[in-house]
Every structure is written in C-alpha cells, then in structure tokens.
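Trainee: I should like to learn how to read the features of a protein model. May we go through one together?
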Amino acid sequence: MSRKFKPRQRLSGVRDARLIVIASEGANTEPQYFRGLAAKYQNSKVKIHLLERENPVESSPKHVLETLDDFQGKYDWENGDEFWLVIDVDRWGDAKLAEIAQVSVQKDYNLAVSNPCFELWLLLHLKSLDDYTSETLTEFKVNARINANRNRLEAELLEILGEYNKKNLNPGRFLPHIEVAVERARKLDNPELRWPNDLGSRVFIG
C-alpha cells in the first residue's frame, strides 16, 4: 500500500519506503554525518530524512522535539516509520533529559543520546576508549573547552585526523569504520538506562 502523504507536502521518493526521520540538536555535524550515511547506504526500501530547524540557534532538546512534532503533523505515516531525536548530555543535564525521555516514550519517538556529545560517537569510529588512560577518559567526560574553538573531544579528533571542522565535516573519514563504532558503542552501553550515564552513545541503536 502506498504512503498517503498530503499532496501539498508530498515528499518525493519515499512513498513505498520505510522512512527514518532524524531531528538533531547540532545544526552542522550531525546533519552532515547522517547525510553522508544516507548517501553511503542507499536503499530503496529505507529512506533517511534529516530535519532542518528554522532557527539553528535554538538547539535545546525542547526545540529539537518541536521540530520533530511539526514535521510529523504534516503527513500520514505507516507502520515501520521511525522518528529519532539525536541529542547530547553535556549541556542539558538529567532533569531536562528525563523530561524529553518521558515525552518521547509517549509519542513513540526514539532517543539517540550521546554522553557527553556527538563527537564521542565520531571518536568511536577511530579508536576504542580502551586505548585511553582513566585520566584522559575523565577529560572526555568533562569535555571542557580547550580554547575558544574546540572542546576536549573535538581536539582529540583533530589530533587523530590532522583536521576537524564541525561546520564542514568529512563523513568519509568516519563512515568506513561505522561497523566497529557500532560494536564499541554497544559494549559501552547499559540498555537498562534511558541514556548513557557514562561515556557512550546510543546512535548505534538506529
């Protein structure tokens, strides 16, 4: 049975495919990564659709949730379609994340939370956390600013890759290693928790 989109908001190319809709906190890194992922793993039966926020400055989980709500309200959906919120622990804290998690369960949205941030997921493509000392892992968890332009995890990616620009991400540096990133993230994860309380990322679940 074909997807019944409202004609005024019809999306091309997804009528007979399962749709994965992603709304992310980050306005640059995450969308670039997932666009690269969608291009690498093209599948006529699955389509990935990235949502753009009207105001990129509004990056709180609440605004990410509202972006997904607004998009969902424009279409008719089929069983098997998925809606994902990609957000970070670092700026929002447990209380805000608990609120978002509760609302997500009510609306049947999926959460892909990274602790402390999406760069941890990117790092797992390149290195295992077992390669680091406990002191360095603590630095990653705190993820303090190294300078005006980079936090600790961004600096680590720069050290490994020789270049790292979150506004101009090169997904090709990461995606060839996605299988190992998934395995590393899975080993770090405690599925009994709503999101990673320590270093980790739930992006692998999607």
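Predicted model: local features only at pLDDT ≥ 70, side-chain atom pairs only at ≥ 80, totals over all residues.

Trainee: Is Ala27 buried or exposed, or does it fall in between?

Mentor: Ala27 has a relative accessible area of 35%, so it counts as partly exposed. Ala27 and Glu52 are 25 residues apart in sequence, while their C-alpha atoms are 7.6 Å apart in space.

Trainee: What pattern does the chain follow along the sequence?

Mentor: The pattern is β-α-β-α-β-α-β-α-α-α-α-β, which comes to 7 helices and 5 strands. Of the 206 residues in the chain, 45% are buried. Among contacts between residues at least 6 apart in sequence, 73% join residues at least 24 apart.

Trainee: How should I read a helix such as α2?

Mentor: One may begin with its span. Helix α2 has 12 residues (61-72), and at 1.5 Å a residue these should span 16 Å; the end C-alpha atoms are 16 Å apart, so the two values agree.

Trainee: Which residues of α2 are buried?

Mentor: They are Pro61, Val64, Leu65, Thr67, Leu68 and Phe71. These residues lie on the same side of α2, because they cover an arc of only 155 degrees around the axis. The elements that cover them include β1 (18-24), β2 (46-50), β3 (82-88) and α3 (93-107).

Trainee: How is a pair of aromatic rings described?

Mentor: Such a pair is described by the distance of the centres and the angle of the planes. In this structure the count comes to 7 aromatic pairs. One of them joins Tyr33 and Phe34: the ring centres are 5.3 Å apart and the planes stand at 85 degrees, so the pair is edge-to-face, the cut-off for that being over 60 degrees. Both Tyr33 and Phe34 are buried.

Trainee: Why is the pair of Tyr132 and Phe140 edge-to-face?

Mentor: The planes of Tyr132 and Phe140 are at 80 degrees, with the centres 4.9 Å apart, so this pair is edge-to-face. Tyr132 is buried at a relative accessible area of 12%, and Phe140 is buried at 0%.

Trainee: What should I expect of the backbone?

Mentor: Most residues other than glycine have a negative phi, and most peptide bonds are trans. Asp108 is not a glycine, yet its phi is positive, at about 65 degrees. Asp108 sits in the loop between α3 and β4 and is exposed, with a relative accessible area of 63%. A cis peptide bond joins Asn115 and Pro116, with omega about 10 degrees. Pro116 belongs to the loop between β4 (110-115) and α4 (118-126).

Trainee: Where is Asn143 placed, and what does it touch?

Mentor: Asn143 lies in the loop between α5 (134-142) and α6 (152-161). Asn143 also has a positive phi, of about 55 degrees, although it is not a glycine. With a relative accessible area of 9%, Asn143 is buried. Leaving aside residues up to four places away in sequence, Asn143 touches Asp90, Pro116, Cys117, Asn151, Arg152 and Leu153. A polar atom of the Asn143 side chain lies 3.3 Å from the backbone nitrogen of Arg152.

Notes. Residues numbered from 1 in each chain as written. Heavy atoms only, no water. Phe/Tyr/Trp six-rings, centres within 6.5 Å; stacked < 30°, edge-to-face > 60°. Buried < 20%, exposed > 50% of the residue type's maximum accessible area, 1.4 Å probe, protein only. Helix = DSSP H or I, 4+ residues; strand = E, 2+ residues; numbered from the N terminus. Expected span 1.5 Å × (residues − 1). Arc of directions from axis to C-beta. Contact = heavy atoms within 4.5 Å. Polar contact = N/O pair within 3.5 Å; in protein donor to acceptor, adjacent residues only side chain to side chain.
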